[in-house]
Structure formats: C-alpha cells, structure tokens
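Reader: I am new to this structure and would like a close look at one part of it. Please take the aromatic rings and describe how they pair.

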Amino acid sequence: MPALTFSVDTALAALTVSVWDTSLPSPHPTNGNGNGHWTPSHSNSLYNIDGWGLPYFSVNSSGNVTVRPHGNQTMAHQEIDLLKVVKKVSDSKCNGGLNLHLPVIIRFPDVLKNRLECLQTAFNYAVKSLSYSSYYQGVYPVKCNQDRFLVEDIVKFGSGFGFGLEAGSKPELLLAMSCLCKGSAESLLICNGFKDIEYVSLALIARKLSMNSVIVLEQEEELDKVIDVSVKLGVRPVVGVRAKLRTKHSGHFGSTSGEKGKFGLTTTQIVRVVRKLEQCGMLDCLQLLHFHIGSQIPSTALLADGVGEAAQIYCELVRLGASMKVIDIGGGLGIDYDGSKSADSDVSVGYSLEEYALAVVQAVKFVCDRNSVNHPVICSESGRALVSHHSVLIFEAVSSSKYTVPTMSSFDVQRFVEQLLEDAHSDYNNLSQSAVRGDYEACLAYVDKLKQRCVEKFKDGSLDIEQLAATDGLCDFVAKEIGASDPISTYHVNLSVFTSVPDFWGIEQLFPIVPIHRLDECPTRRGILSDLTCDSDGKIDKFIGGESSLPLHELEGENGTKYYLGMFLGGAYEEALGGVHNLFGGPSVVRVSQSDGPFGFAVTSAVPGPSCSDVLRSMQHEPEIMFQTLKHRIEEYVHDDGNMDGAMIADGIAQSFHNTPYLTVGSSCCLTAVNSNNGYYYCSDEDFTAGADAVTGDDDPWSYVCA
C-alpha cells in the first residue's frame, strides 16, 4: 500500500475535523426536554427571526414563517402562514390558485398601516411626554417605492393625521398630486429634488388646487424660477430651504450628507435667499427648513446632534423675519436588517422607534426654548422605516450543486502513482510523507504544487484529461480527509439578483433571507444563492450576522416538494431600482390582507410579472415583428415530417413570447399549450370573499402571435 494510502487510512482517519460552522447550533441540538429533536424555536434562533422580524414575522408550530399583520396587536388566529399564501398564488386555477409564476412579491397592507400608526404614535407620545407645544406631521417619500396601491394606501391610512407625500421628480409630483386628491387637505406635499420651470409650475398649481405644497429649494438659483412662475400664475408660494448641515454620519448611507453633500444650501446661500425674498416682499413665504443627515442614522446621539444644528438654523430664520412653521428632518429613521441592535453597522440601528421620536422632539424643543422660539411642526420623510416590512420576496430554489469528492481505494492511488510523470513523483512523495507525519499545512502546500505541475503538463500536451481528472480527484480527496475542503453548496434560485435585490449587488446591502417552511427540520447544509442571470455577480454570498453562507435544507425535488425562500425587509427601493438584466423582468405582485375567514387571509389583487414580450418591448424590440420574422423562417425551412410540423413550432414560439422570462419549474415543453400569465385580478380590500375563479385572463396566446 502506498504511503499516502496508509496516511489517509491511518493517520488522517484519526483526525476529527467538523465541517459544520461553529457559529451555528449543532446539527443535533438538545431541547429543554433533554432529547435531540429539532424544533421551530431552534430555527427561530438560528436565523435570528425575533431579532430582525419582530413584531411582524415569526415561526409557527408547523415550521412555517408567519406574518403578524397588526404587529404586537395581532391575535393568534390572525397570523398569516406564508406557505399557504404561496400555495394560493402558485397553484393552478383548477386547484383554486391564481396560477402565477414565482418569484413573487407579497405585499401586506395591514403591516404598512401598522407601521404608519406606530410612527405617528411614537411622535405623539414624545410630543405629549415632553410638553411640546406643536405636533408631528409626516410625509412618505415616494422614491422608496412608487407602487400605486402602496402610495394610495399610505394616503388613505394617514389621512386621519394629515400624513402626506414627498416628491423628487416631475413624475413623482404628478403621482403625489393625484393621490392627495383623496387625502387630507392638511397633508403636506413636499417638493424636493432639482427643479425646472415645469416642476415649479406643477407645485404651484397643486397649491391652487388647495393642496398643501411646499417648494423646497435645493439650489439657490431655483428661487428665481419660483418667484417668476408664482407671479405669472398668481399663486402665493410656500417655500422651504434645504440646509447643508455640518453634521453627518460615517458609512455608506451617510456619505451624501454634510457640507459636501449633493443637495442643499450653505449658510451663506440661505442668508442670500432670505434677503432676496425680503426684497421681493415674499419673506412670509419662507416657512419650512429641511435637512437630511443620511439614511440609516445609526444612533440617537448623532441624530440629536444633527437635529440640534438644524433647529438653531430654524431659530435664526425666525430671527431674520421668516414666517417659519415646519422643520423637516428628512429621512434617516433606520431599521434593523440583521437584528443586532448595533449602532456600528450599516444594516442595523441602536434605537427603537420610540427612542428616535423622543430624541428628535427633545432636540428641537431644547433649541427653540433656548431661543424663545415657538415650537415648529415636526415633519419627517421616513420611507425605509415605513415600507420595508410590508412586502416579502418569495423565490424558489430549483437545484443545488456541490462537488462530490471521489472515494479512492489503495488500488486507485497505486494506479494514479504509476501514471504520474517522473518529475511529478517528488511532489507526490513529499505529499505522502507530510500526511504520514500529520503535517497537514505542508500537505496542502504539496497538494497545490502537485496540481499546478499537472496542469502545466496538461497544457503542453504531456498529460491527458483522464490523468488530470485523477490528479484533481486525489488532491480533493486529501483536502477532504484533513478537513480543508469547502462544504458550501450552491443553490440555484429562480430569481434575478439585479432585478429584485439590486442593493445587494450595488452597495452590498444585506437583507434577511430565510426558508419560509421546513423550519421544524434541522438544516444540514450551508449554501450560497446563485441566480438565473449569465453574470458572475448574480449571486448572494453574504448574509446577516457576517455569514458567507446560509444554513439550508436538502432539496427534495425528486419527491415533488418545492423549496421556498423569502427575502424580508426589502419593501423600500428594491423595486424602483431593479432593471431588466438578462431581460428578466420584475416578479409577480400580490396584495394579501388579513381576513377573519377560514383561511385567515384574502388576496385582494394579483398582477403577473412581465412576459418575455413585455421585457423585449422595454428595450425597444418589437415582439410582433420578431415573431413574424421567425414564422417566415419556419415556413421556409420546416417541412412536416410526422413528428412536428411548422404550425406546432410557430405556436410554441408564440407561447414563449407570451410566457414568463423566469423558469416555469415543473412545466411542460414550450411547444405545448400552457396557461398564459397575462391575467389580472383585482377586488377592493373589503371584498374578501372573492375566490380564485374570479381571476380573469385570456388563456390563448395574443392574437398577433397566433400561427
């Protein structure tokens, strides 16, 4: 028996190396009863669901993730089982489902309502407890997520306390104006962003339509436009200024704030604006001060510092004669993506909603009292904190891959040695001797050297592919035996990272990702997630908690069991930023409301994701012409042969234009008739009795692609 075989069988067999990450629980934990049964509570701890998910997400006794739509006020029977929602969404119509393909975004308007109410309640409590003489009135920055139903929900849910909207572009301003027609007349319409004459005109028209619009000057030269257009339209404007504060926080989300920030006016420019308004007899129009420290403000200490600086500017504007009424603290209210409650992380914050509100109100009150200035209305533009929790992205793992290290007998090793070229024998002998000595560091070094030498020999033609494969097998076998092999699997998911999780790719933003079921089972593998795109960046290999892999379960696809994963807290920015990389469009979207019916929820709207034709058209292609070109090609080259005729091929291509760009897992060939995905189902939030058969849609291909 060769020396290496002896070393592997004897020396290395005595080495005990665990490939299970020591930061995770043992694969066979012991519960409180002293046995080794894995329970949902173990999964809850493993994925830190209570850390980032409370009060909206938990795990039930069946091992499924549930949504608690009313937060802490959710009763047990009101919890919504995510797996049941996915089944309702993805099942065929004949089985009572909606026949939508994954990935899918599931929105929970009840969660959105609860978030908005919690924000308002936190500020109301701070105002009352600190004897603040004014009040809080927030706005939602529509750039976070411009979805129609979401924005309309915010206006509806917030109308009772004058909750408004913030716009940063002309389309967003048109959107906000339209939605606020159904809101409170007191709701603020904050007009931010760079402005041309048309933007200013729209903002002034909104005021003429009895909307409470405020034009916030981002650049000094915008004031001339506001003055000129207001005179022409005969509308008295309400103006705000955005100040560049000295206060800023470190990290990615604070890089756009401070004196070098993209937006805002310096103190010198603010003084010039005040003087110009005074000269025009319009100083009374200046009523709002706006600033923005940065998103995901990490601590209340930093927050109070910035608010205090802005409050002093506010008081100075009052001293200069402006009719100040509102201090707009901008965005920055963070959320805890990883559940660590850390002030030293871009994905966490070291405070609660209540602590944030208290810090703001206290800082404004202190400065205003010091300057004997009336307390202003406090406005915030909290987008991320409002909408992040309300939606969940669900996608499916369709396969997994992990390199299987071959087993090698003494005969295999002997045959390998006999085939080695002479100058590679020394590397093998050094490897063998290191294994016998138990010097595993040297062992790995000689493994690399042997592999590299054989690769060079393969390149110059001295080694054939079978010999190279045998070398790889031996080296991987040795690495496995000494515990140095990589145990990480790659899970292939039916998703585009660029489309649905662009912040992960662009700025390495982390989101909680968790299997939404099988949490009563112990995950036995660790994996990274690889998407469908033909791009090496199309993967998720960083997870909350500083992990480079995610605990996952073995796939059971051969038994027809699907494996669903959920990405949480992604309701802000991801949809607006996503593109069509590799021509994968956005996911399907459904809205789910809590219901007291037998299933505990109702799907109130469902919109399929874009078809292949839709995404082609978005890049200026013309699917109608494309199909006609292919059809003519079929007529020219395809002749009936008894197996597949031209008409069948044309029908199949027509259907492919019509189908989803994502994988239709488990579906039949595209050349057979399958249900289309262009159905649209909508009912009012009150109509919880609508069944799946209410979903309408033409199951035939579009007329222009009929062969």
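Author: Trp-52 and Phe-57 are both buried, where buried means under 20% relative accessible area, exposed over 50% and partly exposed in between (1.4 Å probe, protein chains only). This is a predicted model, in which local features need pLDDT of at least 70 and side-chain atom pairs count only at pLDDT 80 or more, while totals for chains, interfaces and linings use all residues. Residues are numbered from 1 along each chain as its sequence is written, and side-chain values use heavy atoms, with hydrogens and water left out.

Phe-57 has a relative accessible area of 0%. Its ring and that of Phe-568 have centres 4.9 Å apart and planes at 75 degrees, so this pair is edge-to-face. Rings of Phe, Tyr and Trp (its six-membered ring) pair if their centres lie within 6.5 Å; planes under 30 degrees apart count as stacked, over 60 as edge-to-face and the rest as tilted. Phe-57 belongs to strand β1 (residues 57-59) and Phe-568 to the loop between β19 (563-567) and α20 (574-577), so the pair ties together parts that are 511 residues apart in sequence. Helices (H or I, at least four residues) and strands (E, at least two) are DSSP runs, numbered from the N terminus. Phe-568 also counts as buried, at 0% relative accessibility.

Across the whole structure, a search finds 11 aromatic pairs. In one of them, the ring centres of Trp-52 and Phe-57 are 6.1 Å apart and the planes are at 45 degrees, so the pair is tilted. Ring pairs also link Phe-123, Tyr-136, Tyr-351 and Tyr-356 into a cluster.
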